Amino acid sequence: NRVCRLKSRPFGMSTRENFEIADEPMPTPGPGEFRVKVHAVSLDPAMRGWMAEGRSYVQPVALGDVMRAYAAGIVEESNHEAFRPGDAVMGLFGVQEHAVSDGTFVHKIDPAQAPMERWVGGLGMPGWTAYFGTMEILHPEAGQTLVVSAASGAVGSLVGQIGKLRGATVIGIAGGAEKCRYVTEELGFDAAIDYKAEDVEKRLVELAPDRVHMYFENVGGKIGNAVMHRMATFGRVAVCGLISSYNETDPAKVGYDAGAQRSILVNRLKIQGFIVFDFAKQMREAIGHLGKWHAEGKLKMREDVREGGVDAFPEALNMLYTGENFGKLVLKL
Ligand code: NDP
């Protein structure tokens with residue numbers, strides 16, 4: 001069983017030296033447990049936070065533990081009543097080829113409805129995040145403008161599409177012409193801003209002259225500040241992620257600037273951070289809506305599947321922080 005364990009805590013971007021990747025004996029399920037053959041490992045921006053010490057919404061991965069990861073696979077051996085050999089499942093199985101589980105936080109999935117990688121993407125945790133952050137925090141209204149950063153990614157691409165389904169005008173912010181073309185031409189966003197080539201604040205003045213009513217924050221930093229400067233009176237901000245700061249080692253370079261802080265006051269903004277699991281009790285609702293919209297062709301999803309097995313994990317993960325991924329980043333085993 002090929003396994004990736006956290007060996008040391010990174011400073012800045014994680015490197016291969018932070019992990020121990022080795023062959024280990026095949027784990028055997030005990031009473032009430034089952035073993036999964038993992039097919040698709042989800043690479044998530046949050047992984048950088050899980051490797052770090054300090055107060056967060058979950059305990060960090062302990063040194064020596066298997067690197068935490070969402071993954072999808074097939075049950076191959078079971079002493080559990082509800083999970084039988086051949087069942088397709090999604091859960092926190094870690095970066096490894098085979099995992100033993102007692103069923104906690106494991107969902108059954110339907111490979112006939114969508115491929116494995118989509119169940120850790122738009123139909124899985126990133127999809128639930130987009131759903132709750134948009135529906136429960138931003139409450140999109142027809143005629144209002146919604147801006148989303150990291151717009152072509154796993155979460156952002158769905159935020160914009162859900163916003164459109166609710167009648168909002170949607171502007172995406174993404175890096176590069178190809179990602180911008182994708183969100184407007186293929187996903188139906190009203191406009192896109194290429195933050196690598198354009199001045200975000202200036203473009204927002206042109207594209208949203210009545211200012212921004214809702215901002216789904218995935219990035220923070222300069223992009224976050226630019227959008228905050230353009231918020232409308234009583235605007236709403238859902239703080240989902242701050243990826244531009246995850247590998248930043250200089251605290252002075254992180255945070256809202258004076259203009260953004262002033263905007264919070266003068267525009268009386270409502271800003272709420274959230275973690276997808278705050279909505280655990282409503283998970284069935286998200287799964288139902290996402291599945292239905294996907295089946296009806298109303299939600300498009302894109303995955304960026306990388307090969308190379310467990311050994312490719314350290315380099316593949318960093319693609320999220322350089323923007324090399326285009327769509328939900330998944331490692332195929
Ligand atoms: P994506 O698929 O969007 O991939 C990450 C993207 O972020 C990159 O492709 C890149 O896009 C962009 N990016 C990376 N670094 C920077 C930077 N310095 N400045 C601007 N953009 C950058 O990832 P996800 O959809 O999985 O995650 C999006 C956000 O949602 C993250 O912040 C993540 O932490 C958060 N999240 C939060 C959850 C919660 O419960 N609160 C749950 C899941 C995700 P580009 O090329 O356009 O720059």
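Student: What makes domain 1 and domain 2 the domains of this protein chain?

Tutor: The bounds come from an automatic or database domain assignment. That assignment gives domain 1 (2–121 + 302–332) and domain 2 (125–276). Note that this is a predicted model: local features need pLDDT of at least 70, side-chain atom pairs count only at pLDDT 80 or more, and totals for chains, interfaces and linings use all residues. Residues are numbered from 1 along each chain as its sequence is written.

Student: How many residues of domain 1 are in contact with domain 2, and what separates the centres?

Tutor: Two residues are in contact if their C-beta atoms, placed from the backbone, lie within 7 Å. By that test, 15 residues of domain 1 are in contact with 14 residues of domain 2. On the side of domain 1 that touches domain 2, the residues divide into 7 nonpolar, 5 polar and 3 charged. Here Ala, Val, Leu, Ile, Met, Phe, Trp, Tyr, Cys and Pro count as nonpolar, Asp, Glu, Lys and Arg as charged, and the others, Gly among them, as polar. The centres of the two domains, taken over C-alpha atoms, are 28 Å apart.

Student: Why is the ligand said to lie between the domains?

Tutor: Domain 1 and domain 2 both give residues to the shell around the ligand, so the ligand's shell lies between them. 30 residues surround the ligand, and the closest are Gly153, Ala154, Gly175, Gly241 and Gly323. A residue counts as near if its C-beta atom, placed from the backbone, lies within 6 Å of the molecule.

Student: Which helix gives the most to that shell?

Tutor: Helix α4 does, with 3 residues. Helices (H or I, at least four residues) and strands (E, at least two) are DSSP runs, numbered from the N terminus. α3, α4 (154–165), α7 (221–229) and α10 (313–322) each supply at least two residues. The shell divides into 16 nonpolar, 11 polar and 3 charged residues.

Student: Why is Tyr70 called buried?

Tutor: A residue is buried if 20 or more other C-beta atoms lie within 10 Å of its own, exposed if 12 or fewer, and partly exposed in between; C-beta atoms are placed from the backbone. Tyr70 has 24 such atoms within 10 Å, so Tyr70 is buried. Tyr70 lies in the loop between α1 and β4 (71–78). Not counting residues up to four places away in sequence, Tyr70 touches Ser42, Asp44, Met90, Leu92, Val120, Gly124 and Met125.

Student: Is Arg211 buried, exposed or partly exposed, and why?

Tutor: Arg211 has 16 other C-beta atoms within 10 Å, so Arg211 is partly exposed. Arg211 sits in the loop between α6 (200–207) and β11 (212–217). Its phi is positive, about 75°, although Arg211 is not a glycine.

Student: What about Ala150: buried or exposed?

Tutor: Ala150 is buried, because 27 other C-beta atoms lie within 10 Å. Ala150 is in the loop between β8 (145–149) and α4. Phi of Ala150 is near 45°, a positive value in a residue other than glycine.

Student: How do you know that the buried residues of α10 line one face?

Tutor: Phe313, Ala316, Leu317 and Leu320 are buried in α10. Seen down the axis, the buried residues of α10 fall within an arc of 105°, so they line one face of the helix. The arc is that of the directions from the helix axis to the C-beta atoms. The cover over these residues includes β1 (2–6), α1 (47–50), β14 (303–306) and β15 (328–332). Just after α10, Gly323 takes a positive phi of about 75°.

Student: Which residues of helix α5 (residues 177–186) are buried?

Tutor: Lys179, Cys180, Tyr182 and Val183 are buried in α5. They cover an arc of only 155° around the axis, which puts them on the same side of α5. Ala177, Glu178, Glu185 and Glu186 are exposed on the other side. What covers the buried residues includes α4, β9 (169–174) and β10 (191–194).

Student: What makes a group of residues a nonpolar core?

Tutor: The members are buried Ala, Val, Leu, Ile, Met, Phe, Trp, Tyr and Cys residues joined through C-beta atoms within 7 Å. The largest nonpolar core has 93 residues, and Val41, Leu43, Ala71, Ala72 and Phe216 touch the most other members. Helix α3 (residues 125–138) gives the largest share, 7 residues. Domain 1 and domain 2 each contribute at least three residues to this core.
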